[in-house]
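Reader: I'd like to learn how to read a few features in a protein model. Could you walk me through them?

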Amino acid sequence: MILYAEVECMLYEGNSLKAKRSVLKRVMNKLRQSFNVSVSEIGFHDLWQRTSLGIAIVSTDYVHAEKVIQQALHTIDSFSELERTITNVERL
């Protein structure tokens with residue numbers, strides 16, 4: 001079973017794509033190391049104020065996968081440089 005989350009975020013403090021990439025690199029590395037999920041920037045590559053991340057986990061237990069995704073979303077919320085705006089979670 002695959003659980004997938006698509007997360008849109010706004011970045012307010014940066015003023016360049018380089019600053020955006022720096023923040024995203026820290027967020028994605030934290031998610032990968034802490035939760036063993038796949039994560040990638042999937043949208044808004046050319047905008048420095050906005051991003052879209054895709055987060056996926058494969059598990060045999062739906063409850064475990066949902067718990068991991070919720071913890072990953074909570075971790076994203078802990079970063080003060082960005083704000084999570086729209087989140088869609090799908091079971092595939």
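This is a predicted model: local features need pLDDT of at least 70, side-chain atom pairs count only at pLDDT 80 or more; totals for chains, interfaces and linings use all residues.

Reader: What does K20 meet in a salt bridge?

Author: A salt bridge is a side-chain nitrogen of Lys or Arg within 4 Å of a carboxyl oxygen of Asp or Glu. K20 pairs that way with E41, at 3.0 Å from N to O. K20 sits in helix α1 and E41 in strand β2 (residues 38–43), so the pair ties together parts 21 residues apart in sequence. Helices (H or I, at least four residues) and strands (E, at least two) are DSSP runs, numbered from the N terminus. E41 is buried too, with a relative accessible area of 13%. K20, R21 and E41 are linked in a network of salt bridges.

Reader: How many salt bridges does the structure hold?

Author: The count is 5. One of them joins R50 to E8, with the closest N and O atoms 2.8 Å apart. That pair links distant parts of the chain, R50 in strand β3 and E8 in strand β1, 42 residues apart. R50 is partly exposed, at 31% relative accessible area, whereas E8 counts as buried at 15%.

Reader: Which residues have the most contacts inside the largest nonpolar core?

Author: A nonpolar core is a set of buried Ala, Val, Leu, Ile, Met, Phe, Trp, Tyr and Cys residues joined through side-chain atoms within 4.5 Å. The largest one has 24 residues, and V27, L31, I55, I76 and L82 have the most contacts inside it. Two or more residues come from each of β1, α1 (17–35), β3 (50–58) and α2 (62–77).

Reader: And what is I55 in contact with, leaving aside its neighbours within four places in sequence?

Author: Contact means heavy atoms within 4.5 Å. With those neighbours left out, the partners of I55 include L3, V7, L31, V39, I69 and I76.

Reader: Where does L11 lie, and is it buried or exposed?

Author: L11 is in strand β1, and at 4% relative accessibility it counts as buried.

How values were computed: Residues are numbered from 1 along each chain as its sequence is written. Side-chain values use heavy atoms; hydrogens and water are left out. Buried means under 20% relative accessible area, exposed over 50%, partly exposed in between (1.4 Å probe, protein chains only).
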